[in-house]
Amino acid sequence: MPRSYGWSLFVLFGFLITVLLPACSSQPAPYIDLNALTPITPQREAEIKPLRVAVSAVISPQGTVESYTLLLDYIAEQLGRPVELVQRPTYAEVNRLVEKGDVDVAFVCTGAYLLGEREFGMEILAAPVVDGEAAYHSWLIVPADSSAQSLADLRGKTFAFTDPLSHTGRLYPTYLVYQMNDRPETFFGRTFFTYSHDTAIQSVANGLADGAAVDSLIYIHLIQREPSLAKRMRVIHKSPPFGIPPVVVSPNIRPQLRAELQAILLSMHENPTGQSALAKLDIDRFVTLESSDYDSARELENFLANIATETP
Amino acid sequence: MVSRQSWLLWTRRFWAVAGAVSIRTKILGIILGLVILLGVGLTAFVRQSLYRAMYNELELLAVSVTSDLASRSTDLILVNNLYALYELTQETRQNYPDIRYILILDKNGLPLVSTFGNALPAGLLEANQPSPEDRYRLFVFNSPEGWVLDAAVPIFDGRAGVMRVGFSETSITRTVNMVTSQLLLATLLVSTIGILSSIFLTWVLTRPILALARAAQMVGRGNFDQHVERWADDEIGELSESFNQMTADLRLAAEARRERERLRAEMVEKVISAQEDERRRIARDLHDQTSQALVSLIVQLKLVESARDKPSRSQAIADLREQLRATLNDVRRMAYDLRPGVLDDLGLTQAIQWFADQCRKNSGVEIQTRIDAACDNLPPHAATTVYRVAQEALSNVVKHSRATRAWITLGNISGTYCLEIRDNGVGFQAAPGQVHSEGLGLFGMHERIQLLGGTFELESEIGQGTIVRAILPCSPKENEA
C-alpha cells in the first residue's frame, strides 16, 4: 500500500518539477543599473588628426560611402594620414563646412562651387574627367510610359528637383522654364526636392515624379549599376556641357597640403590601386581646371540671378 | 532518501489524521486538493508557456524594431543629422512603450544619440557589442526595473555604427501576472463550486450510509423490523438491498430460534414428566405385581408350612415354584422394558425383529418386516435411537392405530439409513411438519433423529393409516446428549 502511494506522489512531484522548475531557473544575467547614469566623458582628440573630406549628397549617403571608400582609402595611404568621410544633407551645409575649415577637401556640385566661389573664394583643387571630357550635362528624364517629348509637355505635372543649389538638378530646368517665359512655381503642378540625384531618378522610375533633371554622370553610373532602370525611363532633353563638379578646397588651406593633395589626385590614374579607385567612380583621371571652365554654368546662374532680381 | 520505516510512519501519521475525519471532510479534501492542484499546476504551466511565448515574441519585435531603426538612421548618421536621429529615437520610443532606451553608437562605438541624454548607465556600452558581420545580437541583463532585453544591430554593416535598443520586461510581466491572477481567480471560483458540489455529493453519498448505520444499530439491539430505503441503483443501493435481506433473514432465524427454544423447554418438561411417569409405572408395577406376587408367595409359604401331608405339601411347593417363575418373568419383563438387553445381545436388526415378533404375539396385529442386515453397522448410539424410534412407533401402532397390519422396513438406501413403519390404522390429522404435536413420543423421535443429523417425517390421514419415516446419514453425528 505505501509503495503505491509512493508512486503516485513521485509522479505528482515529477509533474510539479517539470512545470515549475523552468520558471525558477534562468541563468544568472549580468546586472546593470539603468538609473545610475555616469556622464559621457568627452572623446579624447585623436593623436593624428584625420583629413576630413566632404562629399556632397549627389547620390544617397550610403551610395556615397560605397563609391568613395576606395578613393578616400587611396588618399589616406598616399598621405599617410587617416581620412574621414563627412556627409551633409544639403550642398549649402557642405559649403559651410568648407568655409569654416571644418573639412579640408570637398567633392561639390558645380552649382555649389559657383556659390562658394562667389561667397568666400572656394578654390578648385582638381576636376574629374569622365568619358574623356571634364564636363557634364543636365538630362531631362521622364517615366518610360510618359508621352512627354520636351519640357513643355511637363506643364502642370509633378517635377523633382534634386538640391536647391544643384546646377543640373535645379538651376538648368529652372532656366529652361524661364526660357519659356514661365516660372517653375506656376509652370509645374507640384515640385519637390530629393536632395540627391539617385533619389530623383528613383522618383521618376517609380512614377513619384512626372519628370526630373539629373546629372548625366550620375544617371549613366546608376544605369550601369542597375540596368533594369533604363527600361523605366526616357531621356527627353540633354543640356549643353557644363564644367564638371570639381574637387574644392578652402582658400585658407595650407599651401603645402593643397599641393600634396593635388599631386595625389592628378597622378592617381598612374597607380593601379588609384586606377581601380577611380574606376569605382567611373572617373578616367583627375585634371586641373580653371575657374573660366565654368563660365557656361556661371552664365546660366547669372541669367537666373537677373530674373530673380527682376521679378519681385 | 527516506527509509521505508519512516515512510510507513509518515503514512500512518497521515492516515491517523486523514482517516479520523468524516467522509464529508474527506470528499471535500479530495475535491479541493484536486482542484487546487490542477489550478495551481495549470497556472504555473500557462504562466511558463505564456512567458516563454511572449519573450520569444519580444525577441522578434526587438530584432525587427532595431533593424528598422538601424536602416532608417543610416543616412541620418552618414549626413550627421543628429536632430533627426534624436527625433527618430523619441518617436520610436513613444510608439513602443516596451522600449526602455535607444542608444545609437557611431562607428567608433561612442554614443551619438541616446535617450539617456548626456550620460549613460555604467557598463551598458560594453555589454552588447556585435561584430559587423552579425545581423543582430541579443543580450539580457538584470536591472532594478527587472530584466532588459538589449538588441544590437550594426548600422550599414557597422560602417555607420551600432543601433542598440533596450526592451523592458514590464509589459510581459504585467500580462503574465494578469493572466496568472485570472487563472487563480478561476481556480478560486472552481474551488468554491467544488466545495458546494462536494457538500452535495457527501449528502448524497452519506445519507444512505448513515441510514444503514442507524438501521444496523437498531438490528443490533434486536429490532428486526428495520427497512432501509434504496436511494439509488448503485453499490450502496445494493448494500441497502442486502441489508434488508439480511434483516429479514435474521428475523426468520430469530423466530425459528425462539420456536426451537420453546420446543426444547417443552421437551425438557416432557422428559421430566415422562421420567416421573416411568417411575410411577415401575412403582406401580413393583407394588401391584411384584409386591402382590411376593405377598402371595408368603401366603403360599405359609400353606407349605401348614401342609399336613406330603402330597398336599408337594402340591403347595409346586404351586409356589410356579408362582416364583411367574414373578421372575414379570421382573424380567420390567427389566427388559427399562433397557432391552436384546439390543446389546443380538444387534439392531435382530432386536427390531424380536420386538416386532413380541408385538405380534401380544397384540395380534400382523406385522411384516423387511430388514437389511447391513444396518447392524450403525454406531451404538445411532442403533439405540433407531431401535427406540421403531419401538415407539410400533407401540403407537399397537396402542392407538387399531390397525390390523403393519410394515417395518429398515434399509441402507443410497448412502443413508432409512427406517419406515407403516400401518393401515385409523390415522390422524397431522399438520405438515407438525411432528411434535402428538406428544412426547413423536417429538422425542423427531428430536433424537435430528440430533443425529437425520430427518424425521410423519405422514398420516384420517382413515388412511400412518407412515413414520426416519432417515439417517451414513455416519451420523455423535450424540451430544
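This is a predicted model: local features need pLDDT of at least 70, side-chain atom pairs count only at pLDDT 80 or more; totals for chains, interfaces and linings use all residues.
Residues are numbered from 1 along each chain as its sequence is written, while chains are lettered from A and ligands numbered from 1 in the order in which they are written.

**Stop one: chain A.** Select chain A and you'll find 11 helices and 14 strands (DSSP runs, H or I of at least four residues for helices and E of at least two for strands, numbered from the N terminus).

**Stop two: the side facing chain B.** Here 30 residues of chain A are in contact with 37 residues of chain B (in contact: C-beta atoms, placed from the backbone, within 7 Å). Select helix H1 (2-24), strand E1 (37-39) and helix H2 (61-79) of chain A, the elements that each give two or more residues to this side. H1(A) brings the largest share, 9 residues.

Now zoom in on E1(A), which pairs with strand E3 (residues 119-121) of chain B in the antiparallel sense over 3 bridges (strands pair if DSSP finds at least two bridges between them). Click A:Pro39: its bridge partner in E3(B) is B:Ala119.

Select residues 123-129 of chain A. Strand E5 is largely enclosed by the rest of the structure because 5 of its 7 residues are buried (20 or more other C-beta atoms, placed from the backbone, within 10 Å of a residue's own). Antiparallel to E5(A) runs strand E13 (residues 247-249) of chain A, joined by 3 bridges, with A:Glu123 partnered by A:Val249. Strand E14 (residues 285-287) of chain A also runs antiparallel to E5(A), through 3 bridges; look for A:Ala127 opposite A:Val287.

Methods
Two residues are in contact if their C-beta atoms, placed from the backbone, lie within 7 Å. A residue is buried if 20 or more other C-beta atoms lie within 10 Å of its own, exposed if 12 or fewer, and partly exposed in between; C-beta atoms are placed from the backbone.
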